[in-house]
Amino acid sequence: MNPDDLLARVTWSLIAEPSDIIAMTARDELGPVDALALAREASAAETHAILGDPPADPAADGGSRNPRRRIEQALARWRARLRVVDPAQHLELAGRRGIRVLVPETPQWPHVLADLRSAVPPCLWALGEGDVDLSARRGSVALVGSRASTPYGEDAAGTMAAALASRDIAVISGGAYGIDAAAHRGALAADGAPTIAVLAGGLDSLYPRGNTRLLESIRERSVLVSEAPMGTAPTRWRFLARNRLIAALAQVTVVVEASWRSGALSTARRADDLSREVAAVPGPVTSAASAGCHRLIRERGAVLVTEAAEVMELLPGAAPAGDSSHAVQDELDLFSPADRRVLDAVPPRSAATLAALADSVGRTPEEVLAAVGRLELFGAVRMDGDLVRRARR
């Protein structure tokens with residue numbers, strides 16, 4: 001591993017927000033080391049000449065239409081933080097806390113993040129010994145949804161996660177309250193494939209506090225991941241930026257329960273942008289908590305799923321799921337339409353002759369006799385002399 005590249009990546013993690021478009025552009029164009037040299041020394045004019053006109057970022061630069069002005073603001077942001085950060089010290093402190101740094105050259109790096117193109121994080125911070133690279137697993141599925149979940153949504157998420165994990169499918173979510181927590185708990189209960197929590201803040205202070213015990217269980221048995229360095233507080237824009245990582249790590253993203261404007265829908269949009277499969281679990285049509293799921297199905301073509309087998313069907317190279325576990329086969333499914341017509345003609349509480357049945361269904365007595373013989377084998381009817389009766393159950 002190139003030590004200069006490692007330090008440059010850690011430095012970018014410390015000085016630029018995950019959604020900093022100009023930082024992404026600079027790293028993508030120049031690489032982390034040369035981009036950092038530009039951040040330290042170049043003027044706005046020189047930077048503009050190298051990077052051209054970067055896209056506007058309304059959240060970071062106020063949506064200025066002047067590219068030079070946006071670059072000046074970016075350089076000011078980075079240099080203000082460069083004056084106070086010490087990447088080598090940060091790495092040492094992280095190591096003492098058991099937090100490891102992952103870069104593309106390390107074996108644990110999940111190379112599926114390359115699909116993010118310029119939005120690939122400069123590095124990842126990981127807590128726990130589990131694998132972040134899930135390529136050896138049978139598959140990976142993100143289960144996401146609203147924090148303000150209902151018992152219905154939590155039960156659906158937990159049951160689905162347990163079934164997936166027991167089949168060696170890694171379950172990925174965001175460690176938040178509600179659907180995220182239910183998905184992690186379900187996967188942990190199955191004691192199968194790992195569950196990965198992708199957090200929006202630094203791993204030195206687990207958030208949300210109410211899920212500390214759950215997150216510690218994930219750390220002990222799998223891994224917690226964040227692109228945010230230690231000391232970074234989770235904020236709304238970091239949550240939204242974090243969602244692209246969840247979408248990129250998973251082969252399939254399932255929204256279990258989400259309101260009309262739920263943040264979980266941004267994960268689905270990110271997955272869709274990456275050409276990943278997107279699915280949604282339907283809820284009661286009267287439930288506002290599932291309005292976002294119904295919106296995904298109706299407006300964005302998300303696949304409607306109700307159980308783990310239907311989710312697994314969406315994984316690359318997977319076999320068709322077949323009938324739902326709720327499918328009930330009736331004996332009538334085993335009869336031909338002609339045999340069912342004969343059975344329908346047999347009185348439920350009395351009997352009929354073969355001639356009467358033949359007259360009723362418009363077939364010959366010989367054809368009716370053959371049908372009665374088949375129905376008798378299935379125990380649907382019985383012969384009582386010359387009469388045909390329904391069999392007692």
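Helix 9 (residues 179–190) lies across strand 3 (139–145), strand 4 (169–173), strand 5 and strand 7 (252–257), and runs at about 145 degrees to strand 3. Here helices (H or I, at least four residues) and strands (E, at least two) are DSSP runs numbered from the N terminus, contact means heavy atoms within 4.5 Å, and axes are lines fitted to C-alpha atoms, for helices over the stretch in contact, with angles from 0 to 180 degrees between N-to-C directions. The model is predicted, so local features need pLDDT of at least 70 and side-chain atom pairs count only at pLDDT 80 or more, while totals for chains, interfaces and linings use all residues. Residues are numbered from 1 along each chain as its sequence is written, and side-chain values use heavy atoms, leaving out hydrogens and water.

The strands belong to an open sheet of nine, in the order 1-2-6-5-4-3-7-8-9 with mixed pairing, where two strands pair if DSSP finds at least two bridges between them. Strand 1 (99–102) and strand 9 (303–304) stand at the edges with a single partner strand each, so one side of each has no neighbour in the sheet. Strand 5 (residues 195–199) runs parallel to strand 6 (residues 223–226), joined by four bridges, and I196 stands opposite V223 in strand 6.
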